[in-house]
Amino acid sequence: MMNGMKKNTDFSRVYHCGTSKADRNLVVYASESVNHNGLFGISVSKKVGNSVVRHKIKRRLKEIRRLNNDFFSDDYDIVVIARNRAAEADYERLSRSLLRLTESVTNPSSEYQQSR
């Protein structure tokens with residue numbers, strides 16, 4: 001089970017040492033987990049919207065992660081950055097984006113990525 005990422009040093013390590021993939025709604029960074037406990041972090045800038053909008057995006061992303069927990073490997077630390085377009089995206093669109101980007105960044109040769 002993935003834990004929430006809280007420390008700035010964890011975010012920085014994933015940004016600098018990890019790989020990334022992006023689409024209109026999200027940017028996903030992943031790097032191999034140091035402790036094999038699979039941290040998951042979410043970052044939503046103030047540019048995306050006010051507090052209500054930012055927290056709505058965070059809640060949706062956390063729920064997507066919770067419902068698809070088996071999909072996320074404990075071998076990777078993952079950071080998700082919401083882009084401005086995420087504010088207008090519905091739950092299904094965010095779900096497709098997060099799962100597709102996570103799969104492509106953690107398993108570059110996967111069928112899921114190639115069929116896109």
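Biologist: By class, which residues does the lining of the largest pocket have?
Modeller: This is a predicted model, to start with. The lining has four nonpolar, two polar and four charged residues.

Biologist: Which residues line the largest pocket?
Modeller: Gly 4, Met 5, Lys 6 and Phe 11 are among them.

Biologist: Switching to helices. At what angle do α2 and α3 pack?
Modeller: About 60°, with the axes 10 Å apart. Helix α2 covers residues 51-67, and helix α3 covers residues 91-106. The angle therefore makes α2 oblique to α3.

Biologist: Is the crossing left-handed or right-handed?
Modeller: Right-handed, as α2 passes α3.

Biologist: Which residues make the contact?
Modeller: From α2, Arg 60, Leu 61, Glu 63, Ile 64 and Leu 67. From α3, Tyr 91, Leu 94, Ser 95 and Leu 98.

Biologist: How many are nonpolar, polar and charged in that contact?
Modeller: Six nonpolar, one polar and two charged.

How values were computed
Residues are numbered from 1 along each chain as its sequence is written. This is a predicted model: local features need pLDDT of at least 70, side-chain atom pairs count only at pLDDT 80 or more; totals for chains, interfaces and linings use all residues. Side-chain values use heavy atoms; hydrogens and water are left out. Axes are lines fitted to C-alpha atoms, for helices over the stretch in contact, and angles run from 0 to 180 degrees between N-to-C directions. Helices (H or I, at least four residues) and strands (E, at least two) are DSSP runs, numbered from the N terminus. Angles under 35 degrees count as roughly parallel, over 145 as roughly antiparallel, 65 to 115 as roughly perpendicular and the rest as oblique. A crossing is left-handed if the near helix is turned anticlockwise from the far one by less than a right angle, and right-handed if clockwise. Contact means heavy atoms within 4.5 Å. Ala, Val, Leu, Ile, Met, Phe, Trp, Tyr, Cys and Pro count as nonpolar, Asp, Glu, Lys and Arg as charged, and the others, Gly among them, as polar. On a 1 Å grid over the protein atoms alone, a cavity is a set of points where a 1.4 Å probe fits but cannot get out, and a pocket is an open set with protein on both sides within 12 Å along at least five of seven lines; lining residues have an atom within 4 Å of a point.
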